[in-house]
Amino acid sequence: MEEEQTYLELYLDQCVAQDDLAPSRSLLLSPVVPDDAYMPNPSHPETVFNSHLEEVKETSGNFSSVDLSFLPDELTQENKDQSIIRSKHEIEENYKTQSQQSRLSLSREQDIGLGLISNSSLSNSHSHLYPGDADSVQPSLEKPNSMPLVSITPMTPMTPVSECSGIVPQLQNIVSTVNLACKLDLKKIALHAKNAEYNPKRFAAVIMRIREPRTTALIFSSGKMVCTGAKSEEQSRLAARKYARVVQKLGFPARFLDFKIQNMVGSCDVRFAIRLEGLVLTHQQFSSYEPELFPGLIYRMVKPRIVLLIFVSGKVVLTGAKERSEIYEAFENIYPILKGFKKA
Amino acid sequence: MPGGGHCPDCGSTELVEDSHYSQSQLVCSDCGCVVTEGVLTTTFSDEGNLREVTYSRSTGENEQVSRSQQRGLRRVRDLCRVLQLPSTFEDTAVAYYQQAYRHSGIRAARLQKKEVLVGCCVLITCRQHNWPLTMGTICTLLYADLDVFSGTYMQIVKLLGLDVPSLCLADLVKTYCSSFRLFQASPSVPAKYVEDKEKMLSRTLQLVELADETWLVTGRHPLPVITAATFLAWQSLQPSERLTCSLARFCKLANVDLPCPASSRLQELLAVLLRMAEQLAWLQVLRLDKRSVVKHIGDLLQHRHTLVRKAFRDGPAESDAGEEEQQGRGQGPGQGKEEVASSSLGPPEGKRPASPALLLPPCMLKPPKRVCPPPPISTATGDEDISDSEIEQYLRTPQEVRDFQKAQAARQAATGGSNPP
């Protein structure tokens, strides 16, 4: 425990010291970048950056070895390319709008380690970069300073971004709904399924559970179903499909329509104590801290629209997201605010 | 025709009471002249036709206000009077209630919620004027559940978009401490337990500030901390006679409810004081424990800022460069402290001041209950094949279904049979 803490401190100090552009290491998705091609020379950050980028540019077409498993279901190959071009465009625009230096970040966690060019303003300004015109992509790619792809992102820049948070919120619960599109006889389901409970006097739905992925579903007689307890979007979808299969096997013509993730809950630990009284004073319009009612501070972030529960021990719970990226973005937004209250 | 009125125009005595929308009027049935409008008359002649009406019904205002809202507003005023709040608070609270009532969700709410809403409006008013009123007090006065109160309170703050400042701790200490019945001798309070109010207040305030600084207040209900601090302050002012009195007995004497968490807050506060005492050379040799440290609370509080800085760290351990400062602590010692310790330069033989402990909230100092392993990276796509056998494990075989149905029927029969005819 002690070692982990000191390691984290070292890592954070390292990040703080890297105020100039000095990309020591960076985990790029492009598989062909040789490490020794780097020239970490703080006095000429721009040239370092450019030369590095030029190398990567050549390999920007090769994505076969890249892990894209987090992309949403309906993204086909063409769309993938589209989105990649779009995000290239975004990043390029961003680079041009700020004349200051950005730095390649060090990402260390499990989540498909993306290295992302970023500035704190990236997450703020990405909203207006969203629908990048495909038309304007072509000419701008010819420009000498054009930025090759350094990261692959679906629509939004996600995951561990710079400013040294280095912490990735873990998803704890996903709530999703799906329409089985047929009327169901709940009594029959409760009779023929081992894992179902049905108490019409208490609640008008069958509560069904499966072991893998460990989830619970509420199945209503209208054919609508709510699936809770999964730890990732894919698991939630798989679980919902399994419940639909069970219902099918019981003799109902169940289908699988309109699967939608309704809520995602994540949690993480910033590892330092937080002065909640101070936070509620400076961010009064977003925070609600009533120690007489609840020990945590309820922070309602406007963009993205996420509710965060912040506790004095440094643990943070994020909820209300429809997409994983919203949780990551919310955490990246709150981390610098919390750091400001670290030593009060 | 009631009264002795007659129409100023035609002199007829046929005056009829009629209402124009919500305004009551006296109208002459012969010539149609309006004799009086409303009942607050303006001219001397009109006053001759005056009817006796009570003030609260004299303006048309109450006709637009529903009965339940009127009841609520009356309750708000009553609550303000019971709490002896300044009159300006009353108007503000009434205004909040009216504002809340404009929302359809509130108008359609249950009576219980409207009752609680009264308390919420008063609480918000008090908070905005830094008047220390706790939710517990209001719930006791309204005979309401804290859960119901909290739900309504959060809803109304969000609905009205209000900025409600936090509870002011210093004022709460003053009000709460003043409610302790220990400042005068009485049949239940022996003379040795009576204490001077000012001394107790100032010491309690210092102890609460100390608790705040050492993370004992953040995230916790403020009242138990203040109870514990008051108890320690009272004990330390005359330790020889009061050390035998327990926290529960103290609260009973003082005629104050003992909140549940107060005893654990007391232990935490004593632990902090003990850590601070370890930094004082002349107290180290005494080897204090949780009871004996109470005698030295006065000294510890006097130097609390430096002691906290020395006894705790929030980062890596600092060097003990500050040990020489302890010499300065030799002055102002209080009764019976050895002067010997102050003459030694450097740590006393065989006992150094304890290395600084981490200054963290107690929840971070406790070992974690269970270590959650990071979840394995799953490569699920959500579209995998689902084997039939996996699904079948959740289904009952026909034999099982029959057995289950038989068992259910038997249970129904049993419960049906046991019912009295």
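Analyst: Let's start with chain A, whose secondary structure comes to 9 helices and 12 strands; helices (H or I, at least four residues) and strands (E, at least two) are DSSP runs, numbered from the N terminus. Bear in mind that this is a predicted model, where local features need pLDDT of at least 70, side-chain atom pairs count only at pLDDT 80 or more, and totals for chains, interfaces and linings use all residues. As for bookkeeping, residues are numbered from 1 along each chain as its sequence is written, chains are lettered from A and ligands numbered from 1 in the order in which they are written, and side-chain values use heavy atoms, with hydrogens and water left out.

Chain A has 344 residues, and 50% of them count as buried (under 20% relative accessible area; exposed is over 50%, partly exposed in between, with a 1.4 Å probe and protein chains only). Take the contacts in chain A between residues at least 6 apart in sequence: 68% of them join residues at least 24 apart. Contact here means heavy atoms within 4.5 Å.

Now the part you asked about. Chain B puts 50 residues into the contact and chain A puts in 44. The two chains bury about 4200 Å² between them, with carbon and sulfur atoms giving 56% of that; buried area is the accessible area (1.4 Å probe) that two parts lose on being put together, summed over both. Between chain B and chain A there are 20 residue pairs in polar contact, both residues at pLDDT 80 or more. That term means a pair of N or O atoms within 3.5 Å; within protein, one must be able to donate a hydrogen and the other to accept it, and residues adjacent in sequence count only if both atoms are side-chain atoms.

Which pieces of chain B do the touching? Among the elements giving two or more residues to that side are helix 7 (135–142), helix 10 (197–213) and helix 21 (398–418) of chain B. Helix 8 of chain B gives the most, with 5 residues. The side of chain B that touches chain A divides into 24 nonpolar, 12 polar and 14 charged residues.

On to the charges. The whole structure has 21 salt bridges over all chains, and 7 are found across the interface of chain B and chain A. The rule asks for a side-chain nitrogen of Lys or Arg within 4 Å of a carboxyl oxygen of Asp or Glu. B:Arg127 and A:Glu290 make one such pair, at 2.8 Å from N to O. There's also a network of salt bridges linking A:Arg245, A:Lys249, B:Asp388 and B:Glu392.

A:Lys315 pairs with A:Asp269 at 3.7 Å, N to O. A:Lys315 belongs to strand 12 (residues 315–321) and A:Asp269 to strand 8 (residues 257–269) of chain A, so this pair ties together parts 46 residues apart in sequence. A:Lys315 is partly exposed at 42% relative accessible area, and A:Asp269 is partly exposed at 21%.

In chain B, B:Arg304 bridges to B:Glu209, with the closest N and O atoms 3.1 Å apart. That one links distant parts of the chain, since B:Arg304 is in helix 17 (residues 304–311) and B:Glu209 in helix 10 of chain B, 95 residues apart. B:Arg304 is buried, at 10% relative accessible area, while B:Glu209 is partly exposed at 43%.

Last, the sheet. Strand 5 (residues 205–210) and strand 6 of chain A run antiparallel, joined by 6 bridges; strands pair if DSSP finds at least two bridges between them. A hairpin of 4 residues connects strand 5 to strand 6 of chain A, and A:Ile210 has A:Thr215 as its bridge partner.

Definitions and conventions: Ala, Val, Leu, Ile, Met, Phe, Trp, Tyr, Cys and Pro count as nonpolar, Asp, Glu, Lys and Arg as charged, and the others, Gly among them, as polar.
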